[in-house]
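Here are my notes for you, in numbered points. Have the model open while you read, and find each spot as we come to it.

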Amino acid sequence: MNPKEAHPDDVLTNPGENGLDSIVAPAEGGVGSGTEVLVLESPRTTLKLRKCRIQVSAGPDEGKSLVSDKERLRCGAHPTNDLVLAEDRTASRHHFEIINTERGWLLVDLNSTNGTFLDGRRIERAYLSAGAQIRAGSSTLTFAPIDEEVTVEPDREGELCGLVGQSVKMRQVFALIKKIAPMDVSVIIGGETGTGKELVARAIHELSGRKKGPMVVLDCGAIPPNLIESELFGHEKGSFTGAMAARPGAFERAHGGTIFLDELGELRLDLQPKLLRVLENREVRRVGGNDTLEVDCRVIAATNRDLPKEIAAGNFREDLFFRLSVINLQLPPLRERREDIPLILKRGLADPEVMARHGRKRISPEALSLLMAYAWPGNVRELMNVLSHVLAFSDGEEVLPEHLPPRVRGQQREGPLPFNEHLTFKDAKEQLLENFEREYVTSVLTRCEGNLSRAARESGLHRKSIERLVKKYQLDAKGMKPR
């Protein structure tokens, strides 16, 4: 494929009034060519959707048809299929499925009794073209791809499912969430740490047809490497040391709902083909188990890594990237939407729990000016952590500049790292890391009044990681209060 041509799976944006294209494309011929990332630059965004129509053109169910934008749709006699051949006694319960892949629409026979035929030839797997004739049992079905282009205007509202922002970029995000949520397709959410990727994933889930099902969050970067496979796929009793009982994995727990794979770029390379097989086959095998279990869940992934670069470096599988990035949404950093900072702070201060604990607070114009000028490398997460700091250290009703952390006031001093040069490099590095871990976790827990769950949210660490560090350094979390 010519890398300058748009792939049918891509999300593209229209050029703005200045004529500049809003697409960020990989270098010509590079890894990931043909997959553009949605970057919110112009006031109007064009979303290219891939749909298909299947119509029963002959057989007992003649006239029945289905138009779908799902990644995978099934056809057969069982009522759980997307297209049900209820009157065809010779059709298998689950006869065939059609999968939307990066190469086109793939027809797959599901071990049917009488076989699946494409244009008169029996197949197991084959790509479909427009007008293709599929025979299943006594039924003949006609396939037609449908490419649809939808223009998405910025949403009028300044908030959505816990996300806040009046900027054009965030209102574009809100509009796109509303558009893609009902589409049962995989999504990769990109963006810097702290931009709100999990909130976007939750919004997509809440506005989808799976909202009554569970949403399971798995942080691929926070789980010890030796446990990640078990966390993903589950394990049987005795499958490894410490496996005292059988346990379902994240995919099983997400059955009927959504699984959110946070920090996907941290997933071990040897586990990536196993994840791909789960996505392709919709079934998992627990660690130490022999049986396969069918799973039905939507996959949303998030990463702050540049996955095409990781693919080029050999750290991430290209086929897994294409399988997940049917829609690839890039969130803007806070420094590119500074006008949202006052609104985010206002909503944070108006939170009932905050009001009950700290009373009514307001940000002085001088403090707000400093907050607006700061670069926010940690984005919204850092802003909320600073707000927690302010609430802990300001007594009056008004938040003044002196209540802000030194780095926000522009007074952060950089000095030499406090290491012991008399130790070996390895020992000095380990000591420095331990000092950092102890001081960081102590500071976060003190600010969060010893609440481990809150400390995990504010630090971006998994709660188990916080618990491990508390145990490692023998910290008294329950006795911690703001200084």
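**Notes on the model**

1. Let's start with a pair of strands. Strand β8 (residues 116-118) and β11 run antiparallel to each other and are joined by 3 bridges. Strands here are DSSP runs of E with at least two residues, helices are runs of H or I with at least four, and both are numbered from the N terminus. Two strands count as paired if DSSP finds at least two bridges between them.

2. A word on where this comes from: it is a predicted model, where local features need pLDDT of at least 70 and side-chain atom pairs count only at pLDDT 80 or more, while totals for chains, interfaces and linings use all residues. Residues are numbered from 1 along each chain as its sequence is written, and side-chain values use heavy atoms, with hydrogens and water left out.

3. Back to β11, on its other pairing: 4 bridges join β11 to strand β12 (residues 139-152), again antiparallel.

4. Which residues of β11 are on the covered face, and which on the uncovered one? In this strand (residues 133-136), I134 and A136 make up the covered face, while Q133 and R135 sit on the uncovered one.

5. Now for a patch on the surface. L433, F436, Y440 and L461 form a nonpolar one, with about 370 Å² of accessible area together. Areas come from the Shrake-Rupley method with a 1.4 Å probe, and for residues only the protein chains shown count as cover.

6. Y440 belongs to helix α12 (residues 425-447) and is partly exposed, at 33% relative accessible area. The scale is this: buried is under 20%, exposed is over 50%, and partly exposed lies in between (1.4 Å probe, protein chains only).

7. Finally, the whole protein: 14 helices and 25 strands, with 49% of its 483 residues buried.

Conventions. Patch = residues over 30% accessible without salt bridge, like charges linked within 9 Å, V, L, I, M, F, W, Y side chains within 5 Å. Salt bridge = Lys/Arg side-chain N within 4 Å of Asp/Glu carboxyl O.
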